[in-house]
Every structure is written in C-alpha cells, then in structure tokens.
Amino acid sequence: MTVPTNRFPDDFVWGCATSAYQIEGSPLADGAGMNVWHRFSHTRGRVVNDENGDIACDHYRRYESDIELMKQLGLQAYRFSIAWSRILPEGTGRVNPAGLGFYERLVDRLLEKGIQPTATLFHWDLPVALDDRGGWLNRDIAGWFADYAESVFRRFDDRIKLWATLNEPWVVSDNGYLHGTAAPGHRSLFEAPIATHNLMRAHGAAVQAYRATGRHQIGLVVNIEPKYPASTSSEDVAATRRAEAQMNRQFIEPAMLGRYPEELRDVFGEAWPDWPASDVEQIRQPIDFIGLNYYTRAVVRNDPGAWPLRAAPVRQSQVAHTEMGWEVFPQGLTDTLLWIKDRYGAPPIYVTENGAAFADPATAAGDVLDDPRRVEYFRTHIRAVHDAMRAGVDVRGYFAWSMLDNFEWALGYSKRFGIIHVDYATQKRTPKASATFYSGVIASNGAVL
Ligand SMILES: N#[N+]C[C@@H]1[C@@H](O)[C@H](O)[C@@H](O)[C@@H]2O[C@H]12
C-alpha cells in the first residue's frame with residue numbers, strides 16, 4: 001500500500017503569524033503616536049471586558065525570548081506587522097527613529113536565528129492623527145500610505161524579502177466603517193465603499209512605491225470565507241453571490257482584475273459610487289503573491305432583513321465548531337485555493353493565516369490543557385493545503401495563526417488562537433501540544449501528517 005506522501009516542496013516555507021497591536025503592548029512607548037485601536041479599545045463598551053492592547057503579550061519588550069521560542073519550534077519564517085504610528089507618529093512627515101529601531105532589532109534578531117522576517121505594512125492600527133484627517137475616507141491616504149511604505153522599504157528591504165501591503169482590508173471596511181464593530185467604529189452604508197476604495201488605492205500606491213525601490217516580493221493579504229448556498233433556491237443562490245462578492249471579491253478583484261464585482265451595487269445600492277476607471281487601473285498593480293487568510297466557510301440563506309447583504313449564515317449543526325462559532329471545514333481551504341488559482345491566473349499563494357480558537361485552560365499545576373481539537377484543526381487544514389497543491393495550486397508557504405495567544409480585537413483576550421499559551425497575569429509562555437505538533441510538521445516538512 002503506498003502511503004500518500006504529505007511531504008511539501010523543499011522550498012515550502014513554514015511560519016507563524018501575529019500582528020503589532022495584538023501582541024506588542026507599549027503602544028505609546030518611545031515616541032509612538034496613538035493608533036485607532038488604542039483609542040477604540042479605551043472607549044468604554046467597544047471591547048469585551050473593556051480590555052485593550054496596553055500590555056497584550058508585552059512582545060515589544062519580550063521579543064528576544066519570543067524569538068527564542070520561535071527558534072525552538074523550528075519556525076522558518078515569522079509574519080508580523082509594522083505599527084504605522086511607531087514609524088510616523090503623526091502618520092506622515094516626521095519619522096520616529098525609536099520606532100524604526102524596534103523593528104530593526106526584531107528583524108536583525110530573527111535573521112540571527114535563521115528565521116525569515118515577513119512584514120505586513122498595515123494590520124488595522126491606523127494612526128489616530130490620520131483618522132482625525134478622515135482616515136480611509138480621505139483620498140489623500142493613498143499618498144500618506146505610500147510615504148509610510150517607502151520609509152520602511154528603504155530601511156528594511158535589504159533584510160525583509162516578503163512584504164504585504166494590507167491585511168484583510170475587508171475587516172477595516174466592513175467592521176470598521178459599515179457595522180462599527182471595529183476601529184474606527186463607524187456605521188455607514190456610504191462610508192464603507194469609500195473606505196474600500198481608498199484602502200485599495202493605498203495598496204496600489206504602495207506597490208508602485210515598492211516597484212521603484214524594492215528588490216523582492218510584495219502582495220496583498222485577503223480573508224476569504226467560501227460561501228455555499230443553503231439551498232438551490234434562486235433566493236439563496238443570489239444571497240450567496242452577494243455575500244461572496246462583498247467579502248471574497250470586493251478587494252482581490254480590483255487588485256487582480258482591475259474591476260469591482262457588479263454585485264456590490266446590489267449590496268450597497270446608490271451608496272456604491274461609479275469609481276473613475278483611472279483609480280481602478282492604479283489599484284491593479286501587478287503583485288508577486290496573494291496572501292490568503294482562511295478560517296472557515298459559511299452556508300448562506302436569503303434574509304431580506306439582514307442589512308445590507310440580505311443574506312445570513314446558517315449554522316451547520318452536528319459538526320465541529322471553534323470558540324469563535326466557526327465551523328471546522330478544511331475542504332473550504334482546498335476549494336478556496338483552487339478558486340484563486342482558477343479565477344486569478346494561478347498566482348503564487350501564501351496561506352498567511354490559518355488557525356483556531358479553543359479555550360486551553362491553564363491548570364492549577366501550571367500546565368496548559370491544549371484542546372486536542374486545535375491539533376486536528378491544523379492537521380486537517382495543512383492536509384487541505386497539500387490537496388490543493390497536488391491539484392496544481394502554487395502554494396509557497398503556510399503561517400499558523402497565531403504564535404501566541406493575543407488580543408483578539410473586540411473580543412479582547414477571551415479567545416485563544418495561540419500555539420503558545422500566554423498567562424496574561426505573569427506573561428509566562430507555555431508551548432501547547434499544538435506547538436509540538438506544528439514543530440513536528442515543520443521538521444518533517446509535512447510528512448508526519
Ligand atoms: N478572528 N480572528 C483571528 C484572526 C485575527 O486575530 C487576525 O488579526 C486577522 O488577521 C484575522 O481575523 C483573523
């Protein structure tokens with residue numbers, strides 16, 4: 001009997017992912033400007049238990065020991081984000097040397113330990129100074145973002161070889177401007193499309209800036225949640241297309257094809273402008289890869305009362321779900337990787353985030369009971385990546401979300417995604433069983449699956 005080999009290509013990259021505001025702490029240290037998530041989380045009622053990122057995982061001060069843990073895990077790469085307001089406290093203009101200095105120390109330490117640094121320029125933590133000037137609603141932000149990008153490209157492109165402009169712009173537009181559940185906390189049908197468009201214009205401007213000075217690779221990280229109709233009824237199928245366009249194609253489509261999905265006018269109505277063709281052409285800058293963040297799928301039904309999509313998820317009973325209430329559905333990762341390949345011209349893809357939240361209580365003895373479902377989540381989803389690769393998808397790497405338990409945005413510290421447990425009272429790190437499992441996957445290049 002031939003054992004199906006799960007081995008990945010020799011140059012396949014295994015890593016973990018985090019983001020600045022979720023793990024660093026010290027958000028205002030050493031001259032950093034305030035970011036919108038600091039202001040949002042310090043606004044009562046916005047975050048579970050009114051928690052915030054003032055300390056988080058204290059990574060700003062503990063990065064050296066955290067990198068030691070990465071080394072012990074055998075990580076080959078580490079995906080982090082750069083906090084815009086550490087580099088440019090006012091968002092534009094004056095550069096903060098101490099902010100650059102922190103990332104310099106982080107990058108150099110990673111390289112010393114043989115771990116590839118891969119950086120995301122924007123992971124939701126917009127400088128407040130720019131939010132106060134309109135933020136993603138101000139067309140000037142494309143230039144502001146390009147200037148910020150240039151300042152870090154110049155400093156780090158000799159050591160960082162994989163860049164991403166934006167992380168999950170859908171979350172910023174949908175949660176931050178449409179529904180108000182994320183910073184900056186707006187709830188407007190008219191603002192969300194403007195934020196979408198300026199996010200993508202900023203992406204295009206940063207890619208153009210990179211092409212002028214950069215020597216390596218730059219891409220866009222999108223969250224894609226494949227949508228499956230709850231029935232074959234025309235209403236459910238139409239609702240599924242609306243939901244799929246609004247989450248899964250609103251950002252990748254202009255970036256890769258130079259057009260917005262036509263369903264967005266059906267979703268936003270008169271709130272969806274006729275964007276100038278020149279804008280969309282500027283957004284469509286050739287990129288070197290797509291970063292895919294995958295967690296789950298959605299089964300969708302028509303729901304006329306669900307604003308503004310007129311679509312609602314249908315919970316799949318009798319199957320496993322994570323602490324987020326997300327169905328465990330590894331087939332959706334294979335389907336999504338094949339969908340990107342077939343629809344967008346087979347671009348190189350990195351799975352830039354994949355992981356699961358489970359409770360993982362610490363015992364009185366100080367052990368951590370890693371829910372065995374997290375190991376199974378990683379096992380089945382990494383196999384799903386391999387299935388897609390066997391079907392011809394050009395996947396270059398996989399980054400587990402997340403290296404550490406961390407600040408889960410509006411859910412505060414109530415959800416644990418880490419393969420390393422963090423005791424927030426003591427900042428003690430404890431590798432979970434899933435860390436041991438993932439370390440074995442890396443060491444065997446997937447053969448242990
Ligand atoms: N929720 N959830 C977990 C995870 C979030 O913590 C990341 O910051 C996002 O990039 C993406 O939403 C995924």
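Me: Which side chain does the one of Asn293 join in a polar contact of 3.2 Å?
Reply: That of Asn167. A polar contact is a pair of N or O atoms within 3.5 Å; within protein, one must be able to donate a hydrogen and the other to accept it, and residues adjacent in sequence count only if both atoms are side-chain atoms. The side chain of Asn293 also makes a polar contact with the side chain of Thr352, at 2.7 Å.

Me: What should I know about the model and the numbering?
Reply: This is a predicted model, where local features need pLDDT of at least 70 and side-chain atom pairs count only at pLDDT 80 or more, while totals for chains, interfaces and linings use all residues. Residues are numbered from 1 along each chain as its sequence is written, and side-chain values use heavy atoms, with hydrogens and water left out.

Me: Where is Asn293 placed, and is Asn293 buried or exposed?
Reply: Asn293 is in strand β7, residues 289–293. Helices (H or I, at least four residues) and strands (E, at least two) are DSSP runs, numbered from the N terminus. Asn293 is buried, with a relative accessible area of 1%. Buried means under 20% relative accessible area, exposed over 50%, and partly exposed in between (1.4 Å probe, protein chains only).

Me: What is Asn293 in contact with, leaving aside neighbours within four places in sequence?
Reply: Arg79, Asn167, Glu168, Val221, Val222, Asn223, Ile224, Thr352 and Glu353. Contact means heavy atoms within 4.5 Å.

Me: On to the ligand. How many residues surround it, and which are the closest?
Reply: The ligand is surrounded by 14 residues, and the closest are Gln22, His123, Glu353, Glu408 and Trp409. The cut-off is a heavy atom within 4 Å. The shell divides into seven nonpolar, four polar and three charged residues. Here Ala, Val, Leu, Ile, Met, Phe, Trp, Tyr, Cys and Pro count as nonpolar, Asp, Glu, Lys and Arg as charged, and the others, Gly among them, as polar.

Me: Which polar side-chain atom lies 2.7 Å from an oxygen atom of the ligand?
Reply: One of Glu353. For Trp409, a polar side-chain atom lies 2.9 Å from a ligand oxygen. An N or O atom in the side chain of Asn167 is 3.0 Å from an oxygen atom of the ligand.

Me: How much of the ligand does the protein bury?
Reply: The protein buries 93% of the 320 Å² that the ligand exposes when taken alone. Accessible areas come from the Shrake-Rupley method with a 1.4 Å probe, and for residues only the protein chains shown count as cover.

Me: What is the phi of Asp50?
Reply: Near 50°, a positive value in a residue other than glycine. Asp50 sits in the loop between α2 (36–41) and α3 (59–73) and is partly exposed, at 29%. Gln318 has a positive phi as well, about 65°, and is not a glycine. Gln318 is exposed, with a relative accessible area of 80%.

Me: Last one. Which side chain does Asp288 join in a polar contact of 3.1 Å?
Reply: That of Arg211. A polar atom of the Asp288 side chain also lies 2.8 Å from the backbone nitrogen of Ile218. Asp288 is in the loop between α13 (277–283) and β7.
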